[in-house]
Amino acid sequence: MMKTFIKIILFFLFSNSVYAYCDFEFVKMERTLKEFSSKITFIHENEGLGSRPNTFFVPSEEICNDANYKMFPIGYTFLNNQLHQIFLEDIFTDIDHLENLSYYYGKPTEQYEDQGTSGMNFYHWDLGFKHVFLVIKFTPSESIKNIEIVTTKYPTLMEKNNEELEE
């Protein structure tokens with residue numbers, strides 16, 4: 001009886017740890033490039049970045065402990081030396097990004113799911129100072145998953161940057 005009980009407990013412990021979630025926001029939004037570069041070994045802080053947007057692409061394998069998270073780069077965009085956007089496009093894996101994002105951010109604030117064999121599923125988390133988007137475009141033969149995490153300041157900062165470039 002005790003052996004069966006222990007086996008059941010071990011099964012549940014092991015089965016829960018089989019799926020390793022991936023925290024794309026391993027450096028929280030609006031943190032500095034210095035903090036980011038201290039966690040990514042091949043990126044070094046450059047003091048002369050200024051206010052222009054700077055995007056660093058990091059292989060998903062560098063951030064995620066799950067072997068399924070491979071084959072796509074994750075972009076980290078810094079404006080004024082702070083992280084304001086994280087984005088990725090996953091074409092090659094069958095990862096359940098909705099489950100992963102729901103683990104970190106809870107239930108989506110809004111969602112739309114196509115019921116056909118081709119179409120688009122849209123999920124949005126409104127988290128006050130940031131937004132998380134998951135868009136899945138699918139056909140019977142492929143699925144393209146896009147994730148974007150942005151601060152509420154990002155559109156204004158990008159607009160300001162674009163105006164400066166036009167001057």
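View 1. Strand β2 is largely enclosed by the rest of the structure, because six of its seven residues are buried, where buried means under 20% relative accessible area, exposed means over 50%, and partly exposed lies in between (1.4 Å probe, protein chains only). Strands, like helices, are DSSP runs numbered from the N terminus, with at least two residues (E) for a strand and at least four (H or I) for a helix. The model shown is predicted, so local features need pLDDT of at least 70 and side-chain atom pairs count only at pLDDT 80 or more, while totals for chains, interfaces and linings use all residues. Residues are numbered from 1 along each chain as its sequence is written, and side-chain values use heavy atoms, with hydrogens and water left out.

**View 2. The neighbours of β2 on both sides.** β1 and β2 pair in the antiparallel sense over six bridges, and two strands count as paired if DSSP finds at least two bridges between them. Within this pairing, Phe 57 has Gly 75 in β2 as its bridge partner.

**View 3. The whole sheet.** Seven strands make an open sheet in the order β1-β2-β3-β7-β6-β5-β4, with antiparallel pairing. Its edge strands, each pairing on one side only, are β1 (54–59) and β4 (110–113). From one strand to the next, the twist averages 15°, with axes taken as lines fitted to C-alpha atoms (for helices over the stretch in contact) and angles running from 0 to 180 degrees between N-to-C directions.

**View 4. β3, β7 and the helix α5.** Strand β3 (residues 82–90) is joined to strand β7 (residues 143–151) by antiparallel pairing over six bridges, and Gln 85 stands opposite Val 150 in β7. Helix α5 (residues 154–166) packs on the sheet and touches β2 (73–79), β3 and β7, its direction making about 70° with that of β2; contact means heavy atoms within 4.5 Å.

**View 5. The loop residue Ile 91.** Ile 91 has its place in the loop between β3 and α4, and this residue is partly exposed, with a relative accessible area of 36%.
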